[in-house]
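Okay, thanks for coming, everyone.

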Amino acid sequence: MRRLLPLLLVLGLPALAQLRFDVAVGGYAQLLPGGELVAGPRFAGGLEFTPTRGPWRLTVQAYPSWDAPEAHFDPGLARMTVGYATGTFDVEAGLARHPLATAQLLEPYRLPGCGSANDPNGCWSAWVEALPRIGTGLKLALLRTDAGDAGLARANLRWRELELHLTAVYGPNPTAPAVAGLGASERLDRWIVYGEGWWLPRADDPARGALGASTYLGDGLLTLEAGYVDPWTVAGAYSRPIGEDWNLDLTAGASLAGGEWTPAASGVLTYLMSDADLRLGAEGVRLSGVGYAWSLSVDVRAYY
């Protein structure tokens with residue numbers, strides 16, 4: 001890492017004037033089963049810049065957050081990499097996420113410690129990616145995950161409207177990731193249909209998978225998914241604009257474990273301004289064997 005610092009400075013300092021970032025300030029109130037109320041402020045932000053010098057580039061993406069009632073700070077460092085690009089391949093190294101999902105709402109398999117839907121933090125890695133044609137690509141990577149070091153091979157192929165994603169991950173340590181996966185998506189009339197399947201040979205319950213479809217319904221986008229994500233899970237989402245300044249996002253889902261369903265639902269109403277957003281959120285989730293938890297939130301995010 002010390003050897004990378006001079007290059008990071010050379011690439012990064014000229015880009016500070018082009019730095020894009022946002023700041024969010026808000027608060028939430030949560031009613032837990034039994035009548036316990038938890039409330040307080042929270043703070044979040046995001047920054048991103050990608051300066052280039054010839055074939056070299058620096059990429060930094062971070063989404064820090066501070067939860068005051070929990071006294072918890074998350075740096076949210078999703079990416080901090082140095083890359084070298086040519087016309088046919090990219091080489092990159094540093095801290096990065098490696099999302100593998102084809103599904104949009106569910107995540108049957110994720111690399112441990114390399115980011116997920118609820119965790120923006122990346123892991124140390126190095127990779128080369130060949131891009132011979134639009135819609136195709138081959139990625140070879142070395143990863144340092146929370147469970148151990150591993151190698152990743154991923155091929156993306158496209159034929160007409162059909163897209164395929166083939167993935168293999170293997171680490172020599174018995175606790176390291178070992179998985180093979182296949183994802184696919186296809187346009188069928190007004191629908192986009194997609195799915196993914198995973199096999200974890202070192203797991204007691206090795207199979208994972210999900211199927212989903214999305215289409216435009218009225219003025220909004222509807223997405224439906226179901227899968228075995230340890231345990232069985234179903235989910236749906238609908239997003240649509242309301243007038244010129246508002247947007248509504250609704251999500252709902254449920255998981256089946258031990259013969260019991262645990263549903264959850266949320267809604268976010270966003271007022272869009274030229275350089276800021278106002279977000280109003282509500283959520284309800286059933287905690288297995290305990291009862292329901294309800295929460296309300298409000299956040300203002302300004303962009304610079």
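**The disulfide, the rings and a patch**

Let's start with the sulfurs: Cys114 and Cys123 are joined by a disulfide, S to S 2.0 Å, where a disulfide is a pair of cysteine sulfur atoms within 2.5 Å. Keep in mind that this is a predicted model, where local features need pLDDT of at least 70, side-chain atom pairs count only at pLDDT 80 or more, and totals for chains, interfaces and linings use all residues. Residues are numbered from 1 along each chain as its sequence is written, and side-chain values use heavy atoms, with hydrogens and water left out.

Buried or exposed? On our scale, buried is under 20% relative accessible area, exposed is over 50%, and partly exposed is in between (1.4 Å probe, protein chains only). Cys114 comes out buried at 1%, and Cys123 is buried too, at 4%.

Now the rings. There are 6 aromatic pairs in the structure; rings of Phe, Tyr and Trp (its six-membered ring) pair if their centres lie within 6.5 Å, and planes under 30 degrees apart are stacked, over 60 edge-to-face, the rest tilted. One of them is Phe21 with Tyr304: the centres are 5.2 Å apart and the planes at 20°, so that pair is stacked. Phe21 sits in strand 1 (residues 20-31) and Tyr304 in the segment after strand 21 (291-303), so the pair ties together parts 283 residues apart in sequence. Strands here are DSSP runs (E, at least two residues), numbered from the N terminus. Phe21 is partly exposed at 33%, while Tyr304 is exposed at 58%.

Next pair: Trp246 and Tyr271, with ring centres 4.9 Å apart and planes at 45°, so tilted. This one links strand 18 (residues 246-257) to strand 19 (residues 260-272), so the parts it ties together are 25 residues apart in sequence.

Last stop, back to Phe21 and Tyr304. Along with Val23, Val25, Phe43, Trp66 and Phe73, they form a nonpolar patch on the surface, with about 680 Å² of accessible area together. Patch residues have over 30% relative accessible area and no salt bridge, with nonpolar side chains (Val, Leu, Ile, Met, Phe, Trp, Tyr) joined within 5 Å; a salt bridge is a Lys or Arg side-chain nitrogen within 4 Å of an Asp or Glu carboxyl oxygen. Strand 1 gives the most to the patch, 3 residues.

How values were computed:
Helix = DSSP H or I, 4+ residues; strand = E, 2+ residues; numbered from the N terminus. Patch = residues over 30% accessible without salt bridge, like charges linked within 9 Å, V, L, I, M, F, W, Y side chains within 5 Å. Areas by Shrake-Rupley, 256 points an atom, 1.4 Å probe, with all protein chains shown as cover.
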